[in-house]
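Dear colleague,

Please find below the structure that I am handing over to you, together with its sequence. A description of what was found follows directly after.

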Amino acid sequence: MSQPRTLYDKHIDSHTVCTLDDAGHVLLYIDRQVLNEYTSPQAFSGLRESGRPVWRPGAHLAVVDHVNPTAASRTGEIADAGGARQVAYLAENCRDFAIELFDLLDRRQGIEHVVAPEQGFILPGMVVAAGDSHTTTYGALGAFGFGIGTSQIEHLLASQTLVYKRLRSMRVRVDGKLRPGVVSKDIIMALIARIGASGATGYAVEFCGEAIDALSVEARMTVCNMAVEAGARGAFMAPDQKVFDYLANRPMAPKGERWQQALSHWRQLQSDPGAQFDREVHIDASQLQPMVTWGTSPDQALAIDGRIPAPSEQADPILRQDMQRALDYMGLQAGQALQGIRIDHAFIGSCTNARIEDLRQVAEVIGRRQVASHVRAMIVPGSTAVREQAEAEGLARQFIEAGFEWRQSGCSMCLAMNDDVLPAGARCASSTNRNFEGRQGAGARTHLMSPAMVAAAAIAGHLTDIRSL
Ligand SMILES: CC(C)[C@H](C(=O)O)[C@@H](O)C(=O)O
Ligand code: SF4
């Protein structure tokens, strides 16, 4: 009898072209790659210099998302010269190497990790690599996705393979039921707070349990997306009927007989009973509360009813220093209650939380209420398709009437790499995934939380518990 295997083992085994050494390195076949304008230019330049073609152009999909503006109306023009060059070079590369591109004016444009699942480009059982760390998102579909660097992008374009070292495996079981006001973002933020920002470094993490099964596919994407903030270089969820229903009839998903064949294969994509994991973590969903970060690392997070911890109570001198530095940067004090911290900005967007379901939750929180007069609030849909859907459902009008700016799709204020940058000192409630120093603008202060919690903060004008609205 063969050894029981994890879902991760199955992906790696089925994609191993050959073993390279005894240290765990293999040549791994990669089914699909998603390219963006920001991390691909040097890879294409490398191909051009060495005169190599792209091995399988149909295995790649390119999107424009990081540097583009998201101003209310879209012209396709980019005022910033550097950004304009990157977008134009991506178009040139896609033309010359016959790769499909969702350019700025394409109705399929959006943030890569929103667009690729939306179009059915990512399917269960696939191994996907891309020049972006949040490629872990695809675990929600039963695919194995991980981020790679520029030289690996070039290698992948040229050969459809990568040199890969096997990871250790971790299983995170989330049992119980989430209470009202607590969502998938809180599951992953609580996990990161528990195991630390490098707690899953070197691991592929498989999520399972009653609370994961109960999540929608989109909510599962939030969990897998942010798993990289615990250091995981891959996140998994066994694909179930919800995933198959999500994928059925997506433009790039298989159809007819091929769909039926795919389904019978996908149904087998699970860890075998008795498969061994190198580490197991257990979370009781019923104990979770809405989470908010107070510091400059995603693991510096607490339940919203908490108080900011005191560096003096931290025994480790390095951690103590980190905490103090985070508090100084954030302009906060030990012992301060999270609730009531006044915000200047509210940002709902990013590949973590800007799908249609997120926007529906936001609309529900807003109701007929208004954004506080001192807050600048912005909603940036994860894709142009999400934008159109939100407009068709009347959500966009509700957002605008409540005082939110309603934008075009892109990474926007998730990272200060385009026109949407916060001024120094500004404090922002944000539905994104990283709260590093300078992430949303030099000197700007980010508090991560669920999109519904951002909406609640926008209305209240300060961090607040959605359950008390
Ligand atoms: C720009 C890109 C390399 C980066 C990533 O890899 O994640 C970005 O998307 C981010 O979220 O920080
Ligand atoms: S939305 Fe943010 S996290 Fe996602 S790819 Fe863009 S910059 Fe990275």
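**Findings in the predicted model**

The shell around ligand 1 is made up, by class, of two nonpolar, five polar and one charged residues. Please keep in mind throughout that this model is predicted. The residues that surround ligand 1 are Tyr38, Thr39, His66, Asp132, Ser133, His134, Gly147 and Leu415.

Ligand 2 has 13 residues around it, of which Ser350, Cys351, Cys411, Cys414 and Leu415 come nearest. The shell around ligand 2 consists of five nonpolar, six polar and two charged residues.

The contact takes 21 residues from domain 1 and 20 residues from domain 2. On the side of domain 1 that touches domain 2, helix H4 (residues 112–118) supplies the largest share, with four residues. By class, that side of domain 1 has seven nonpolar, nine polar and five charged residues.

Let us turn to a sheet. Strands of a sheet pair through backbone hydrogen bonds, either parallel or antiparallel. Here, four strands in the order S11-S10-S9-S12 form an open sheet with parallel pairing. Strand S11 (235–236) and strand S12 (279–284) each have a single partner strand, so these edge strands are left with one side that has no neighbour in the sheet. Strand S10 (residues 203–208) is joined to S11 by two bridges, and Glu206 stands opposite Phe236 in S11.

Helix H6 (residues 184–195) lies across S9 and S12, at about 125° to S12.

Finally, consider one residue, Ala140, in the loop between strand S6 (127–130) and strand S7 (144–147). Is Ala140 buried or exposed? Ala140 has 32 other C-beta atoms within 10 Å, and is therefore buried. Apart from its neighbours within four places in sequence, Ala140 is in contact with Val217, Arg220, Met221, Cys224 and Met237. Ile400 is 260 residues from Ala140 in sequence and, C-alpha to C-alpha, 31 Å from Ala140 in space.

With kind regards

Notes. Residues numbered from 1 in each chain as written. Chains lettered and ligands numbered in written order. Predicted model: local features only at pLDDT ≥ 70, side-chain atom pairs only at ≥ 80, totals over all residues. Near = placed C-beta within 6 Å. Nonpolar A, V, L, I, M, F, W, Y, C, P; charged D, E, K, R; others polar. Pairing = 2+ DSSP bridges. Contact = placed C-beta atoms within 7 Å. Axes fitted to C-alpha atoms, helices over the stretch in contact; angles between N-to-C directions. Buried ≥ 20, exposed ≤ 12 C-beta atoms within 10 Å, placed from the backbone.
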